[in-house]
Amino acid sequence: SKCVSNLKQLGLALTMFLNDNDEKMPQSFLGAAASSSTAVTDGLRWFHLLAGYDRGIDVTVANRNSLSSALSGIYLCPSEGNYFGYNSEPGKAKVNYVINWYTSQTPSSNPAAPAGTVIGRPLSSMRENPSEKIVFADGNFTYGDGAVADREKRSFCPGTSSGRDAATHWYRVGLHHNRRANILWLDGHVEPKAYNDFGGDAASTNPTYNRLFKWNSADKDE
């Protein structure tokens, strides 16, 4: 399908990015904590970082419109009608895939990032099977709490504020393909997952959640 092809191409882009960036993942938010108003309304996202690397554009807030315009069609699943949008600038970043929050290094990670920051997480901190770790997934930009008002926050998964529904979404993961989500895994393969495959809530009490998202058992819940 087109979505599977997109995710495979994103996987290739990620591999090149890793090779040129000391094996560090692209962070979900650039330069500020995800909870800060600056990051939410004015900041950059993981897809700006990949687009800037691919097109040779400096990744700065001043270049955000240029970075958004450089995004190619591989960032859009055709089965999800909506996509990421800054409330202040709707429609300028056409992306509806989401990145696993735990592929970024944050103050809640092990090892932790400096307080108030989100940085690229080194592959060396992966302590479990990469074939079972989500990198990119179909995103949900349509259903759940704040589906429209909070689209500028939906660049990563999981996100507990969006909730879950067996027919449509699981914590910002969109179930667009016969109630399944296409997923790019850390080892580079693409494989879908159904609602029940996520095992319940996005919380450390759910061992499936820990296995699919967290890079090691000491990571705190998103």
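Reply: The account begins with Tyr102, which counts as buried because its relative accessibility is 3%. The model is a predicted one, and every value below is computed from it.

Tyr102 sits in the loop between strand 3 and strand 4. Setting aside residues up to four places away in sequence, Tyr102 touches Arg121, Pro158, Tyr209, Phe213, Lys214, Trp215, Asp219, Lys220, Asp221 and Glu222. The C-alpha atom of Tyr102 is separated by 9.5 Å from that of Lys133, a residue 31 positions apart from it along the chain.

Tyr102 also belongs to a cluster of aromatic residues. Ring pairs join Tyr102 with Trp170, Tyr171, Phe198, Tyr209 and Phe213. The structure as a whole holds 15 aromatic pairs. One of them is formed by Trp46 and Tyr75, with 6.1 Å from centre to centre and 35° between the planes, an arrangement classed as tilted. This pair links distant parts of the chain: Trp46 lies in helix 3 (residues 46-55), Tyr75 lies in the loop between helix 4 (64-69) and strand 3 (97-100), and the two are 29 residues apart. Trp46 and Tyr75 are both buried.

Pro158 is found in the loop between strand 7 (156-157) and strand 8 (164-165). The peptide bond that leads from Cys157 to Pro158 is cis, with omega near -5°. Pro111 belongs to the loop between strand 4 (104-105) and strand 5 (119-120). Another aromatic residue, Phe156, has Arg172 over the face of its ring, at 4.8 Å from the ring centre.

The buried residues are Trp46, Phe47, His48, Leu49, Leu50, Ala51 and Gly52. They pack against helix 1, strand 1, strand 2 (44-45), helix 4, strand 3 and strand 6 (134-138). Just after helix 3, Gly56 adopts a positive phi of about 70°.

Gln27 is a further neighbour of Trp46. Gln27 lies in the loop between helix 1 and strand 1. Its relative accessibility is 15%, and therefore Gln27 counts as buried. Beyond neighbours within four places in sequence, Gln27 is in contact with Arg45, Trp46, Leu49, Ser104, Val118, Ile119 and Gly120. Two of these contacts, Trp46 and Leu49, are among the buried residues of helix 3.

The loop between helix 1 and strand 1 (29-30) also contains Asp22. What is the phi of Asp22? Asp22 has a positive phi of about 55°, although it is not a glycine. Such a value is worth noting because most residues other than glycine have a negative phi. Asp22 counts as exposed because its relative accessibility is 68%. Asn178, likewise not a glycine, has a positive phi of about 50°. Asn178 is placed in the loop between strand 10 (173-174) and strand 11 (180-181). With a relative accessible area of 76%, Asn178 is exposed.

Helix 1 leads finally to an open space in the model. The second largest pocket has a volume of about 170 Å³. Its lining is made up of 13 residues, and those closest to the pocket centre are Gly11, Thr15, Leu186, Asp187 and Gly188. Helix 1 (2-20) and strand 12 (183-185) are the elements that give two or more residues to this lining. Helix 1 gives the most, with six residues. By class, the lining consists of eight nonpolar, three polar and two charged residues.

Terms used. Residues numbered from 1 in each chain as written. Predicted model: local features only at pLDDT ≥ 70, side-chain atom pairs only at ≥ 80, totals over all residues. Heavy atoms only, no water. 1 Å grid on protein atoms, 1.4 Å probe; cavity = no way out; pocket = protein on both sides within 12 Å on 5 of 7 lines; lining within 4 Å. Points joined across faces, edges and corners; volume = space filled by probe spheres on them. Helix = DSSP H or I, 4+ residues; strand = E, 2+ residues; numbered from the N terminus. Nonpolar A, V, L, I, M, F, W, Y, C, P; charged D, E, K, R; others polar. Buried < 20%, exposed > 50% of the residue type's maximum accessible area, 1.4 Å probe, protein only. Phe/Tyr/Trp six-rings, centres within 6.5 Å; stacked < 30°, edge-to-face > 60°. Lys NZ or Arg CZ within 6 Å of the ring centre and 35° of its normal. Contact = heavy atoms within 4.5 Å.
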